[in-house]
Amino acid sequence: MGMDKVVADPADAVADVAAGASLAVGGFGLCGIPGVLIHALLERGAGGLRVVSNNCGVDDWGLGLLLRAGLISRMTSSYVGENKEFARQYLHGELEVELVPQGTLAERLRAGGSGIPAFYTPAGAGTWIEEGGLPWRYGTDGTVAVASPPRETRVFDGRDHLLEEGITTDFALVRAAVGDRHGNLRFHSSARNFNPLAAMAGRVTVAEVEELVEPGELAPDDIHLPGIFVQRVVPVAPGDPRAEKRVERRTVRASSEGSL
């Protein structure tokens, strides 16, 4: 492909995401999620998606939109979060869920993107993660239909460690603050979160960017993810409602009388 990786239409950017594809999706809660690309996938309607993401959005936004539409068959995440539909589908046997310690999930994505097939970590040693048997999918009768396998273990410096496999996926969807036509990306503050790691893990990575610049406008030290990891760049149109930055849980403290 040429060096210019810009794809103007989000639908075109995800047109080859087939049913049953695996996806790594950036974001943490609703922070830094690729909302425009998620909506494009929703409109495409390809089902049976196997998604790796820190969590699954909320009931009416982010990956929760794909989940509610029945397009996700498996989630690899660190927690359920604020998504009641996620919990309902899991407990009713409609969704397979692999829960992974958050740091382990991050490292599995980074390892996969770096060509490292597996690594050892002390996280999860001595728990169900090591022993196996965690319910990945329930049957309709409430029994465990698919359980996690036991982990291979090894002792380093007198401490037990588990073998964890790196993650690679067919596609990755990420959101960046700034990107150039060569796919070099810069993220804004905490919105960086899982985005670079997800981008590394995808064989085909699609990045939606809030600001598109020309090659050379991003200083080398300002690039958080080099374009070698990105195959498609989708500019976000100003004011696009699909790119809205929502707050996952808004909390307001009641002020006491007389307080400033």
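A polar contact, as I use it here, is a pair of N or O atoms within 3.5 Å; within protein, one must be able to donate a hydrogen and the other to accept it, and residues adjacent in sequence count only if both atoms are side-chain atoms.

**Ground rules.** I'm working on a predicted model, where local features need pLDDT of at least 70, side-chain atom pairs count only at pLDDT 80 or more, and totals for chains, interfaces and linings use all residues. Residues are numbered from 1 along each chain as its sequence is written, and side-chain values use heavy atoms, with hydrogens and water left out.

**Arg-175.** I started here with the polar contact: a polar atom of the Arg-175 side chain lies 3.4 Å from the backbone oxygen of Ala-243. Arg-175 sits in strand S10, residues 169–180. Strands (E, at least two residues) and helices (H or I, at least four) are DSSP runs, numbered from the N terminus. Is Arg-175 buried or exposed? Arg-175 has a relative accessible area of 8%, so I noted it as buried. My cut-offs: buried is under 20% relative accessible area, exposed is over 50%, and partly exposed is in between (1.4 Å probe, protein chains only). I then listed contacts (heavy atoms within 4.5 Å). Leaving aside neighbours within four places in sequence, the partners of Arg-175 include Gly-32, Ile-33, Phe-187, Glu-208, Glu-210 and Lys-245.

**Salt bridges.** How many salt bridges does the structure hold? I got 19, taking a salt bridge as a side-chain nitrogen of Lys or Arg within 4 Å of a carboxyl oxygen of Asp or Glu. One of them pairs Asp-16 with Arg-232, with the closest N and O atoms 2.8 Å apart. This pair links distant parts of the chain, 216 residues apart: Asp-16 is in the loop between helix H1 (10–13) and strand S1 (22–25), and Arg-232 is in strand S13 (residues 232–235). Asp-16 is partly exposed at 37%, while Arg-232 is buried at 17%.

Next I looked at Arg-88 and Glu-94, whose closest N and O atoms are 2.9 Å apart in their salt bridge. Arg-88 is partly exposed at 32%, and Glu-94 is partly exposed at 40%.

Asp-240 and Arg-242 also meet in a salt bridge, at 2.8 Å, N to O. Here Asp-240 counts as buried at 15%, and Arg-242 as partly exposed at 23%. I also found one network, in which salt bridges that share partners join Arg-74, Glu-96, Glu-98, Arg-108, Arg-137, Arg-151 and Glu-164.

**Helix H5.** An α-helix has 3.6 residues a turn, so residues three or four places apart point the same way. Just after H5, Gly-115 takes a positive phi of about 80°.

**Cysteines.** I counted zero disulfides, with a disulfide taken as a pair of cysteine sulfur atoms within 2.5 Å. Cys-56 is buried at 0%, whereas Cys-31 is partly exposed at 30%.
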